Amino acid sequence: MMHHPAGDLAVVIADQLAHPDSVPTEYRHAPWWRQSLAHGIPGIALLHVELAAAGCRPWQRVHDWIAASASGPLTSGTDSHPFYGAPAFAHAAASAAEQLPGSYQRALDAVDPKLVADVRTRLSAAHDRIDQGHPPSLAEFDALRGLTGYGAQLLRRSPDTDDLYAVLEYLVRLTTPITDGPDKLPGWWTATGPSGRLDDRFRGGHANTGVAHGITGVLSLLSMAKLRGSEVAGQLEAIETILRWLDRWRATAAGDSAWPYLVTRAELRTGSRNPSQPLRPSWCYGTAGVGRAQQLAGLALGDTGRQSAAETAVVDALADPAQLAATTDRSLCHGFAGLAYLASRMSVDALPASAERLRRVVPALLDAVAPPGSDHPAIAASLIADPQAGPGLLDGAAGIALSVLTAGSGTAPSSGWDTCLLIS
């Protein structure tokens, strides 16, 4: 078992975030603070759940943070999604309840029916949209705002329910091609740009490849569900459909990303990508997240060739100076902490030959988060106070802490905090 000093940074960050009142005022007064899994209280609560579950810090901190999230009404319905409102609170509370059976059950009993109702409403609208032959919005199906994110919660907490199977059936249907004039589009093609809004730079729309907002998140969920015994008709065929798309657009040129962030209508028509500079190999978009999804797909299909290729692609990306140079921050979402975390998690499931290679790239990635001999309290304070990143999960201090806690020890997390990221 390895121990990298960067892992100690996690506890320092948690201690500086010991209580909700310790957070800078500008965050505590933000309207999204109580309910945002990405940037607010629920995501920070996950750090305290992980440390308490590992016996490193007291459960009282968990109670304080979850109580702060529940101190006002929780948004549900159309204004909520897996990373905001009642679903975000439920993910944090369920993470704690799994470690302390019986805790937070009243709160979960209050929000769970709202989540199920929201899933059913979204599914009905999605099937109506497919029936009419229209392309989806990213928010219909993606991991952060859509049905893939809801499916991840159901797979974790309600794996043998009609609602999970209904989500899987919808995702299978999502892979059915759409015809638009002369073009045959994948079923997940969206008419907008990656922001979710119409954009002149993406005339004709695009197919999004990211885990956070694209089809790779769907691939992860379908694969994990198969691995856990949850399967519907057409699920394996849907996995294969997504894999063929990713194979079609995979780049092999030196210095380029192994998989593009997206494919435009112009690229679809020419059958080739426009040349671009190397892209960062992050979780949200890029080779690390796509590689993990492909590894899971290989495991689900029993395809060791697919699995090996995915693991090799990630190792190569994380050892490529050009791709690492495009990585400019420490974050979980798109920085060095997330890369270290993904490499560490992938190594647990990897084939023997690539497992060791994945483990070998982790220390250098952790060094980029917390250089040897660095002042951890100073790093933690600067991360928490950073006006762009802040203390939260995706971009900020809590996500960095959770990432280095696992990657620094080389062990699996004690809690299931990362299920919201379609990593495990």
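**Note on the predicted model: selected helices, residues and cavities**

1. D183 is found in strand β2, residues 183-185, where helices (H or I, at least four residues) and strands (E, at least two) are DSSP runs numbered from the N terminus. This is a predicted model, in which local features need pLDDT of at least 70 and side-chain atom pairs count only at pLDDT 80 or more, while totals for chains, interfaces and linings use all residues. Residues are numbered from 1 along each chain as its sequence is written, and side-chain values use heavy atoms, with hydrogens and water left out. D183 counts as buried because its relative accessibility is 9%; buried means under 20% relative accessible area, exposed over 50%, and partly exposed in between, with a 1.4 Å probe and protein chains only. The side chains of D183 and R269 are joined by a polar contact of 2.8 Å, a polar contact being a pair of N or O atoms within 3.5 Å, of which, within protein, one must be able to donate a hydrogen and the other to accept it, and for which residues adjacent in sequence count only if both atoms are side-chain atoms. If residues up to four places away in sequence are not counted, D183 touches I178, R265 and R269, contact meaning heavy atoms within 4.5 Å.

2. Q235 lies in helix α11, residues 235-249, and is buried because its relative accessible area is 0%. The Q235 side chain reaches the backbone oxygen of S230 at 3.3 Å. S230 is also among the residues that Q235 touches, together with L168, V172, L222, A225 and K226, when residues up to four places away in sequence are not counted.

3. D163 belongs to helix α9, residues 162-174, and with a relative accessible area of 15% it is therefore buried. Residues up to four places away in sequence aside, D163 touches V116, R120 and L154. Between D163 and I239, which are 76 residues apart in sequence, the C-alpha to C-alpha distance is 20 Å.

4. V404 is found in helix α19, residues 397-409, and counts as buried because its relative accessibility is 0%. Leaving aside neighbours within four places in sequence, V404 is in contact with A6, G7, A10, A337, L366, V369 and S409.

5. Y104, which is not a glycine, has a positive phi of about 60 degrees; Y104 lies in the loop between α5 (86-99) and α6 (105-131), and counts as buried because its relative accessibility is 18%. L422, also a residue other than glycine, has a positive phi near 60 degrees; L422 is found in the segment after α19, and its relative accessible area of 1% is why it is buried.

6. Helix α13, residues 287-301, has 15 residues and should therefore span 21 Å at 1.5 Å a residue, which agrees with the 20 Å between its end C-alpha atoms; the expected span is 1.5 Å times one less than the number of residues. Of the 15 residues of α13, 13 are buried, and the helix is mostly covered. Just after α13, G302 takes a positive phi of about 65 degrees.

7. Helix α8 is likewise mostly covered, with 10 of its 11 residues buried. Its buried residues include G149, A152, Q153 and R156. The elements that cover the buried residues of α8 include α5, α6, α7 (138-141), α9 and α10 (215-227).

8. The model has three cavities of 30 Å³ or more, a cavity being a set of points, on a 1 Å grid over the protein atoms alone, where a 1.4 Å probe fits but cannot get out, with lining residues having an atom within 4 Å of a point. The largest cavity has a volume of about 50 Å³, where grid points are joined across faces, edges and corners and a volume is the space filled by probe spheres set on the points. Its lining consists of L37, P82, F83, H91, A143, G149, A152, Q153 and C420, and helix α8, residues 147-157, gives the most to this lining, with three residues. By class, six of the lining residues are nonpolar, three are polar and none is charged, with Ala, Val, Leu, Ile, Met, Phe, Trp, Tyr, Cys and Pro counting as nonpolar, Asp, Glu, Lys and Arg as charged, and the others, Gly among them, as polar.

Definitions and conventions:
On a 1 Å grid over the protein atoms alone, a cavity is a set of points where a 1.4 Å probe fits but cannot get out, and a pocket is an open set with protein on both sides within 12 Å along at least five of seven lines; lining residues have an atom within 4 Å of a point.
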